[in-house]
Amino acid sequence: MKTIQQIKSELKPIHSDADYRAYLKVIDSLVDCAENSPEEELLELISIIVEDYETVHFAIEPLDPVEAIKLKMEENGLKKKDLVDYFGSASRVSEVLNRKRPLTLEMIRRIHKGLGISAATLLAS
């Protein structure tokens, strides 16, 4: 088995799926390491490399506003009637969720404040 120093000296960017899987195995082996140890330092370094690779190769598209609202409804067990205060009426809730009416600035403000969905997400088109 390689030493921590050997692994550190061989660190490089991930260029293939095999590199990625190898780094994940190292992370798995170090995940329970002691705090402030050489192993923890190695874990941090490899995690940075893996995170960079994942950001490029497994990017998650941001939710559109309607999908973000639906997700928040599901997470919180909300029904359409629970959103009336944010939209103004039951018909507006249905229209927005069915993509027949856009969100207004006032709706965005209320939803952001009441449901905690980021304004940037609600403003995305």
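1. The largest pocket of this predicted model is lined by Lys-2, Ile-7, Glu-10, Leu-11, Lys-12, Asp-19, Ala-22, Tyr-23, Val-26 and Ile-46. A pocket here is, on a 1 Å grid over the protein atoms alone, an open set of points where a 1.4 Å probe fits, with protein on both sides within 12 Å along at least five of seven lines, and lining residues have an atom within 4 Å of a point. The space in this pocket comes to about 230 Å³, a volume being the space filled by probe spheres set on the points, which are joined across faces, edges and corners.

2. Helix 2 (residues 17-30) supplies the largest share of that lining, 4 residues, where helices are DSSP runs (H or I, at least four residues) numbered from the N terminus. By class the lining of the largest pocket holds 6 nonpolar, no polar and 4 charged residues; Ala, Val, Leu, Ile, Met, Phe, Trp, Tyr, Cys and Pro count as nonpolar, Asp, Glu, Lys and Arg as charged, and the others, Gly among them, as polar.

3. The second largest pocket, with a volume of about 150 Å³, is lined by Pro-65, Val-66, Val-96, Arg-99, Lys-100, Arg-101, Pro-102, Leu-103, Leu-122 and Ala-124. Its lining divides into 7 nonpolar, no polar and 3 charged residues.

4. The structure holds 8 salt bridges, each a side-chain nitrogen of Lys or Arg within 4 Å of a carboxyl oxygen of Asp or Glu. One of them joins Arg-99, a residue that also lines the second largest pocket, to Asp-64, with the closest N and O atoms 2.5 Å apart. This pair links distant parts of the chain, 35 residues apart: Arg-99 is in the loop between helix 6 (90-97) and helix 7 (105-115), and Asp-64 in the loop between helix 3 (38-57) and helix 4 (65-76). Arg-99, at 46% relative accessibility, counts as partly exposed, as does Asp-64 at 23% (buried is under 20% relative accessible area, exposed over 50%, partly exposed in between, with a 1.4 Å probe and protein chains only).

5. Within helix 7, Arg-110 and Glu-106 lie 4 residues apart, about one turn of the helix, and form a salt bridge whose closest N and O atoms are 3.5 Å apart. Arg-110 is partly exposed at 32% relative accessibility, and Glu-106 is partly exposed at 37%. Elsewhere, salt bridges that share partners join Asp-64, Glu-67 and Arg-99 into one network.

6. On the basis of these values, local features need pLDDT of at least 70 and side-chain atom pairs count only at pLDDT 80 or more, whereas totals for chains, interfaces and linings use all residues. Residues are numbered from 1 along each chain as its sequence is written, and side-chain values use heavy atoms, with hydrogens and water left out.

Methods: Helices (H or I, at least four residues) and strands (E, at least two) are DSSP runs, numbered from the N terminus.
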